[in-house]
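Please take a moment with the sequence and the fold before I go through some helices and a few charged pairs.

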Amino acid sequence: MNSTYSCWPVMLVVYNLPPSLCMKDEFTFLSMLIPGPKQPGNDIDIYLQPLIDELQELWNGVYTYDASTKKFFNLRAMLLWTINDFPAYGNLAGCATKGRYGCPICGENTHACWLKHSRKMSYCNHIRFLPINHPYRRKKYTSTRLRDKTLLCPTIPKGTEVVEQLRKVVNDFGKGRKKRRRDEEENTMWKKKSVFFSLPYWEVLVVRHNLDVMHVEKNVCDSIINTLLDCKGKSKDHYQSRLDLKDMGIMPHLHPYEEDNITRLPAGAYTLSKSDKKLFCKRLFDLKLPYGYSSNISNCVDVEKQKLTGLKSHDCHVLMQQLLAVAIRGIMEEGPRVAILRISKFFHGLCQRVVDKKEIIQLELEAAEILCKLEDYFPPSFFDPMIHLVVHLPREVRLCGPVQFRWMYHFER
């Protein structure tokens, strides 16, 4: 959907209610409406300042009348966290969401490499998120993927450490400010000191800004489907990505070669033939689903052109967790098919309404294993920031609870 006007609503949700009520419309308050026509970007702190003043007042306490007990009491409240998509994450937190420090969770410990031909950053080497005694660290990989098995899991900086990093950051608001040079952007992950740090309790919170599972799941689903169907302009596997493999000296079986003055790209383990693509689309087109289960996905499927278009967030949610496993059955090599099935099962377990701590801890390990498996088959250009963020989602479920109270479905409907 193209729009020349961007309007940002700021909503507050009351969590001090039973789970069945706290995300209802009647308990969601529209705090402010930031007008367009352009998005506020990093200047959003200017618009949020009145809200921050009220939150500081609520933290100190407000003399309030309780109608049920007919008594006055001191009402106190705090902002628990923010819920937003990934670009807004950078605007609210004041950190980078792309480039060398594209992961706000890993921060300065982000492991990224520049792909010369694809002209983008790749976030690989997820083996470092596995325990030091994990079998994958001892395994001799069949692929020639370059992995540094000595890397340890990055430590996530605490709020006090973040405040220390922000001491030398100077806020420069306004549309007339000069743009930062590229070398300045590469040297630091911070663009500003967020206005939320003026709240006295903000730096001690373990999770201050949530990663939105809805958008991460949609981007992962789009990346997988577009790569499998080799959609032009959307696939993560293309000529430039193959040249990057050649420059890096990895996956020699995927390097481009010349034959009869024609440059050819060898088929990968995830590559579908034309008949397989047609069968993939035909399975999704012929699916009959119960009323209210999802939208009519067949309207998004073009069997003749072998592509899917116009998928909404909930369509990707259903595809990722239920339908993708049916669509790829028997039409792909076992290795990448099992990896895709595992990531589908991972999102299904992540989105459960009842959270078991032991299962979530297992999902943290599962996420790292799945990304290591995908690295065996897919080129580095496949691993953008949204793919990398999968490894951090179980941690936030373990700390903050079920995703149903922290994703964007409630606010974007």
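Predicted model: local features only at pLDDT ≥ 70, side-chain atom pairs only at ≥ 80, totals over all residues.

I would like to begin with helix α13, residues 393–400, which is mostly covered, since six of its eight residues are buried; here buried means under 20% relative accessible area, exposed means over 50%, and partly exposed is what lies in between, with a 1.4 Å probe and protein chains only. Helices (H or I, at least four residues) and strands (E, at least two) are DSSP runs, numbered from the N terminus.

Residues are numbered from 1 along each chain as its sequence is written, and side-chain values use heavy atoms, with hydrogens and water left out.

Which residues of α13 are buried? They are Leu-393, Pro-394, Arg-395, Glu-396, Val-397 and Cys-400, and what covers them includes β8 (209–210), α6 (213–228), α10 and α11. After α13 comes Gly-401, whose phi is positive, near 100°.

Let me stay with one of those covering elements, α10. Two packed helices are described by the angle between their axes and the distance between the axes. The axes of α10 and α13 come within 11 Å and cross at roughly 15°, where axes are lines fitted to C-alpha atoms, for helices over the stretch in contact, and angles run from 0 to 180 degrees between N-to-C directions. α10 and α13 are therefore roughly parallel to each other, given that angles under 35 degrees count as roughly parallel, over 145 as roughly antiparallel, 65 to 115 as roughly perpendicular and the rest as oblique. In this contact, meaning heavy atoms within 4.5 Å, Phe-346, Phe-347 and Leu-350 of α10 meet Leu-393, Pro-394 and Val-397 of α13. By class, the contact of α10 with α13 has six nonpolar, no polar and no charged residues, where Ala, Val, Leu, Ile, Met, Phe, Trp, Tyr, Cys and Pro count as nonpolar, Asp, Glu, Lys and Arg as charged, and the others, Gly among them, as polar.

Helix α10 (residues 334–350) also packs with helix α9 (residues 313–327), and there the axes come within 8 Å and cross at roughly 150°, so α9 and α10 are roughly antiparallel to each other. Met-320, Gln-321, Gln-322, Leu-324 and Ala-325 in α9 meet Ile-340, Leu-341, Ile-343, Ser-344, Phe-347 and His-348 in α10. The residues of this contact divide into seven nonpolar, four polar and no charged.

Now to the charged pairs. How many salt bridges does the structure hold? There are eleven, a salt bridge being a side-chain nitrogen of Lys or Arg within 4 Å of a carboxyl oxygen of Asp or Glu. One of them joins Arg-342 and Glu-369, with the closest N and O atoms 2.8 Å apart, and this pair links distant parts of the chain, as Arg-342 is in helix α10 and Glu-369 is in helix α11 (residues 357–377), 27 residues apart. Glu-369 is buried, with a relative accessible area of 13%, and salt bridges that share partners join Arg-342, Glu-366 and Glu-369 into one network.

Finally, Asp-286 and Lys-282 meet in a salt bridge of 2.6 Å, N to O, and both lie in helix α8 (residues 274–286), four residues apart, about one turn of the helix. Asp-286 is partly exposed at 39% relative accessible area, and Lys-282 is partly exposed at 38%.
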